[in-house]
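This report concerns the sheet and the aromatic contacts of one model. Please consult the sequence and coordinates shown below alongside the text.

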Amino acid sequence: MHTHFPIMISPDQPNFKTHFAELLRLAASKVASSDLAAPIELTRTKQASHGDYACNLAMQLAKPLRKNPRDIAALLIEAIPASPYLEKVEIAGAGFINLFLKTSAKQQFLFYVLQSGSEFGHSSVGKGKKVQVEFVSANPTGPLHVGHGRGAAYGASLANILTAVGFTVEREFYINDAGRQMDILTLSTWLRYLALHDITVPFPTNAYQGEYVRDMARLIQAAHGVRYVHQPNQLLQDLPLMSQEGVIDTEEQLNKLIANTKTILGQDYAYIHNFVLTEQLGDCRNDLMEFGVVFDHWFSEQSLFDNGMVAQAIQLLEQKNYLYQQDGAIWFRSTDFGDEKDRVVQRENGQFTYFASDIAYHLNKFERGFEQIIDVWGADHHGYIPRVKGAIQALELDPKKLEIALVQFAVLYRNGNKVPMSTRSGEFVTLRELRQEVGNDAARFFYVLRKSDQHLDFDLDLAKSQSNENPVYYIQYAHARVSSVLTQWDEDVAILSNANTEMLTDLVELALLQKLIDFHDIVETAAKEFAPHLIAFYLRELASDFHSYYNATRFLVPEIPVRNARLALITSVQQVLRNGLELLGVSAPEKM
RNA sequence: GUGCCCGUAGCUCAAUCGGAUAGAGCACCAGCCUUCUAAGCUGGGGGUUACAGGUUCGAUCCCUGUCGGGCACGCCA
């Protein structure tokens with residue numbers, strides 16, 4: 001194919017915005033002899049009368065140059081080099097410089113979209129740098145619920161976007177398989193197993209209540225019969241007093257039960273512990289896979305203990321003099337790094353805290369050579385940030401490499417009421433249930449339809465009753481409509497690369513073309529700001545522009561040049577819709 | 001009580017890190033299918049950006065205070 005961009009600065013990735021910014025930079029270097037510290041910022045205009053791109057440079061220069069912004073703008077415009085893509089430049093308002101992109105440049109841009117295909121929107125600004133996105137990382141103590149779903153959708157979309165702009169991305173799931181919660185789940189399962197053999201012990205109210213615990217007990221029974229059955233008298237030994245007869249509800253009681261269970265089961269405890277872990281992890285993995293969320297690496301917290309890495313990390317802090325002993329425990333001086341208080345890394349009983357293994361985990365991440373480490377956390381962990389960043393600084397690692405993306409929890413509403421959610425009580429709506437109710441596509445899209453640090457009100461009744469009015473269908477419908485037109489046209493799409501796009505002069509058509517041009521910037525901004533929702537909003541706007549076009553214009557007209565030009569346009573729109581949906585993990589159906 | 005986040009149309013949310021007349025969707029009202037998919041389109045009403053000050057050419061955005069909401073403040077994970 002012959003090139004349509006004779007003097008484009010970057011023929012591989014025609015980017016008019018950066019091109020114009022470069023022109024203005026050249027102009028500014030002539031006008032303001034002193035060097036400019038700030039980069040030139042161009043924004044897309046909201047109104048067509050303001051051109052395609054606007055720049056506020058003149059207003060920013062007003063103070064240092066001690067001149068009227070409009071006068072500066074005039075000087076800048078005078079100094080702008082000629083460009084084959086620049087139609088005209090105007091001064092407006094308080095001193096805005098409005099740049100108009102040549103219509104021919106917009107028209108020819110279509111060839112670039114068609115040629116790039118599924119690669120359109122991708123770039124190489126990431127330069128192949130190694131980035132890790134760690135997300136979900138839910139305790140494997142029960143099914144994923146709708147809160148996890150948001151982290152999953154966000155992290156997966158973010159990873160896709162970072163990949164699209166040229167980073168080498170690793171998706172990691174951190175398995176909390178070392179803590180007390182796993183012991184509680186093991187105990188819960190064993191108690192349900194005993195109940196299957198008519199040995200009833202009061203089931204602690206603060207143990208895991210969910211039906212899936214009984215399911216696991218049945219699996220163990222089916223595989224091993226009575227092998228793990230023991231009489232309960234030893235189990236209740238030395239149990240702290242019950243507040244009411246037959247009710248176990250304190251943490252001390254739970255701890256004693258766990259300790260007794262370990263004694264009674266001996267070697268067998270590890271089997272049940274391992275069984276429930278494998279079972280829950282497998283369930284979690286399948287659930288996420290069905291949701292289109294796949295991880296490159298599953299990292300076990302337990303492995304940090306097994307390999308001695310936790311002890312090593314703590315020793316390292318000790319060597320650097322950031323630890324001290326008090327009340328029998330070992331503390332890390334996180335207050336040296338702005339934390340509210342110092343934090344325990346090793347308890348009085350000799351056990352390391354979760355924080356200790358997290359220090360080792362992050363040290364390990366740095367040792368793996370990532371240039372950027374992104375932790376996606378639930379917003380309830382925000383207080384945890386200073387101590388982790390503090391530990392990283394204490395280890396003399398670069399805290400700027402670690403970025404914490406906080407995702408607010410999704411709050412579920414049913415019949416206008418908040419749905420209570422607690423994993424242990426078993427009262428929660430699972431991600432699976434949600435996916436079955438509204439579908440994977442709608443769920444993936446709905447989750448990223450708002451900024452991640454905003455609370456998400458998820459109205460189940462609305463999602464269910466209005467599933468056909470979900471915005472995702474609006475976008476998918478636009479995609480399917482194009483497919484339908486192309487099917488009826490019934491010719492090879494390849495010939496559209498010879499279309500005469502100068503036929504596209506209608507205002508709606510030019511607006512659509514400009515929208516396609518915007519896609520690159522949207523993806524890059526989404527990557528820079530960790531903001532997948534920008535893609536979702538962009539796609540809705542693009543679909544909206546398309547639907548209007550569809551209703552106002554007939555594509556399959558007898559005049560072949562007009563027809564092919566319009567088909568080239570809508571084929572390009574379809575391509576961008578598909579590429580954008582792909583980033584969000586949403587399917588792009590040919591038919592609806 | 002202390003710290004962090006938030007407060008934008010009736011509802012759910014945007015607003016390209018300080019820019020031009022604050023935008024969408026849902027809901028509501030009035031129209032559009034004999035022609036490429038009506039899961040669509042066109043038009044309409046809807047706002048003192050919680051409140052009060054401050055900073056400057058210019059504030060939803062930055063600063064201070066007040067009110068209201070969420071979260072976190074364990075030798076839990």
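The sections below cover conventions, the sheet, and aromatic rings.

## Conventions

The model is predicted: local features need pLDDT of at least 70, side-chain atom pairs count only at pLDDT 80 or more, and totals for chains, interfaces and linings use all residues. Residues are numbered from 1 along each chain as its sequence is written, chains are lettered from A and ligands numbered from 1 in the order in which they are written, and side-chain values use heavy atoms, with hydrogens and water left out.

## The sheet

Four strands make up an open antiparallel sheet, ordered 1-2-4-3. Strands (E, at least two residues) and helices (H or I, at least four) are DSSP runs numbered from the N terminus, and two strands pair if DSSP finds at least two bridges between them. Strand 1 (42-44) and strand 3 (86-92) are at the edges with a single partner strand each, so one side of each is left without a neighbour in the sheet.

Three bridges join strand 1 to strand 2 (residues 53-55) in the antiparallel sense; Arg44 has Tyr53 in strand 2 as its bridge partner.

## Aromatic rings

The structure holds 31 aromatic pairs (Phe, Tyr or Trp rings, the six-membered one for Trp, with centres within 6.5 Å; planes under 30 degrees apart are stacked, over 60 edge-to-face, the rest tilted). The ring centres of Phe109 and Tyr112 are 5.6 Å apart and their planes are at 50 degrees, so this pair is tilted. Both residues lie in helix 4 (residues 103-116), three residues apart, about one turn of the helix. One aromatic cluster is formed by Phe16, Tyr85, Phe109, Tyr112, Phe120, Phe519 and Tyr538.
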